[in-house]
Amino acid sequence: MAASALTTMKKILIIGSGGREHALVWALQKTSPEPIEIFCAPGNAGIGQSAKLIDIAINDLSRLVDFVEAKKIDLTFVGPEAPLVSGIVDKFTARGLRIVGPTAAAARLEGSKIFAKDFMTRHGIPTATYRVAEGPEQAIECLRSGEFGDAGNAVVIKADGLAAGKGVIVARNRAEAEKAVADLMVHHVAGSEAARRVVIEQALNGQEASLLVFADGRDYVLMPAARDHKRIGENDTGPNTGGMGSITDASVLEQSIQNRVVSEIVEPTLAGARDEGFPFNGVLFLGLMLTEDGPKLLEYNVRFGDPETQAILVRLKSDLLSVFDAIYSQTLGTLNVEWSEGSSASVVAANRGYPGKYESGAIIEGLDEINRDSVQVFHAGTATDASGQVIAMGGRVLGVTAAAESLSSALNRCYEALGRIHWPGMQFRRDIGRRGQS
Ligand code: AMP
């Protein structure tokens, strides 16, 4: 009996190595009615406790394809943007392999800020006004022209291409904007090719929110709206990070505003992508600014966000693999995707020094004392040392995540668990989820 069960067990590959991927592996296992076998390339120490780690880098598309063929993987799902922008979905599809995610053509919505802004304009999607600058001289000329206000006005400079979160600079005035142009375009802080061209954009004010949708090219399913906290320091101070925490809560996006986001942004995006010949399959992430003039789209991501995913997936009640299958077979419209009522929170614990140069290598204590019925500890930058102990290796190390009937009780669960976890150099924000901060 056991042997036949094993031979029919579905094999899934998750690509990536962060807290997002750990949450994906956990959610797949938790929601699947049948046992599934999960592989993760390259993964981390936490993922390795429940999935088989495969030592292949996320951008090594040839080896990933070969592995999937040899192992007869039933379905592959990609966490990070870089392989999607490089065309991993096209490559797998050409070899007849099942993969869920956008094609390279659809991934341009994240891979090029200029493509995304022009797409928003073509489809009447509300966004900040902008100009494209082809080089530093044109950028400076545009800033000095006064089109984006006088020298005291805030303005945003964005590198066109993927820049690992370092490509957007919100400048408080023209002097800062000119420095941003020099940093991005002349000194190539963000990576040379990515910042050859930039978008110069009106700075918007308001609360931010993230709305993620599953999309199959025809139909879509909304996930609970999320908000992340980007700054390293409490009270929204210090430099930006990959994200120090996230929440889902009804207050993040009121129903009436969400309805506007759906009709003014989600539906025109999916219809526009279809009309332009690249129907969107996978997870589409909308980074929103809720301004006095209504919701505006700041950016698209063509995949799950990190750490929003952790807070979203702890509320998923339906079978995640069925959702992925439905995206692949374009049957999302027939699926009822259920979420738990209430709220959730995810608090990131990082190594001291992050997002700059950080300490690493300390043993993490207390992980065994966490009650996994109320809190999940998703690993990001962790590894296992020679004696099998989990050590804090990356910048962001853990994402302690909980769902509950209210935001305050979800946060209490996270902070209670964080009180039991310790390593030298551990840092985390104590104000995740407080309104008015990001
Ligand atoms: P993006 O990658 O375009 O979402 O930019 C990253 C972050 O920069 C956003 O989450 C915002 O906090 C900020 N940002 C981007 N565009 C704008 C804008 N037009 N006005 C104000 N802040 C912005």
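In which sense do S17 and strand S20 pair, and over how many bridges? S17 and S20 (residues 390–392) pair in the antiparallel sense, over 2 bridges; two strands pair if DSSP finds at least two bridges between them. Strands here are DSSP runs (E, at least two residues) and helices are H or I runs of at least four, numbered from the N terminus. Ile 363 stands opposite Ile 391 in S20.

This is a predicted model, where local features need pLDDT of at least 70, side-chain atom pairs need 80 or more, and totals for chains, interfaces and linings use all residues. Numbering starts from 1 along each chain as its sequence is written, and side-chain values use heavy atoms, leaving out hydrogens and water.

The open sheet has 3 strands in the order S17-S20-S19, with antiparallel pairing. S17 and S19 each have a single partner strand, so one side of each lacks a neighbour in the sheet.

| Edge strand | Residues |
|---|---|
| S17 | 362–363 |
| S19 | 382–384 |

Now the helices. The axes of H2 (residues 19–31) and H12 (residues 320–329) come within 7 Å and cross at roughly 105 degrees. That makes H2 roughly perpendicular to H12 (65 to 115 degrees). Leu 24, Ala 27, Leu 28 and Thr 31 in H2 meet Leu 320, Leu 321 and Phe 324 in H12, contact being heavy atoms within 4.5 Å.

As for confidence, mean pLDDT (the predictor's confidence in each residue, from 0 to 100) is 93, and 96% of residues reach 70 or more. Over residues 1–5, pLDDT stays under 50.

Notes
Axes are lines fitted to C-alpha atoms, for helices over the stretch in contact, and angles run from 0 to 180 degrees between N-to-C directions. Angles under 35 degrees count as roughly parallel, over 145 as roughly antiparallel, 65 to 115 as roughly perpendicular and the rest as oblique.
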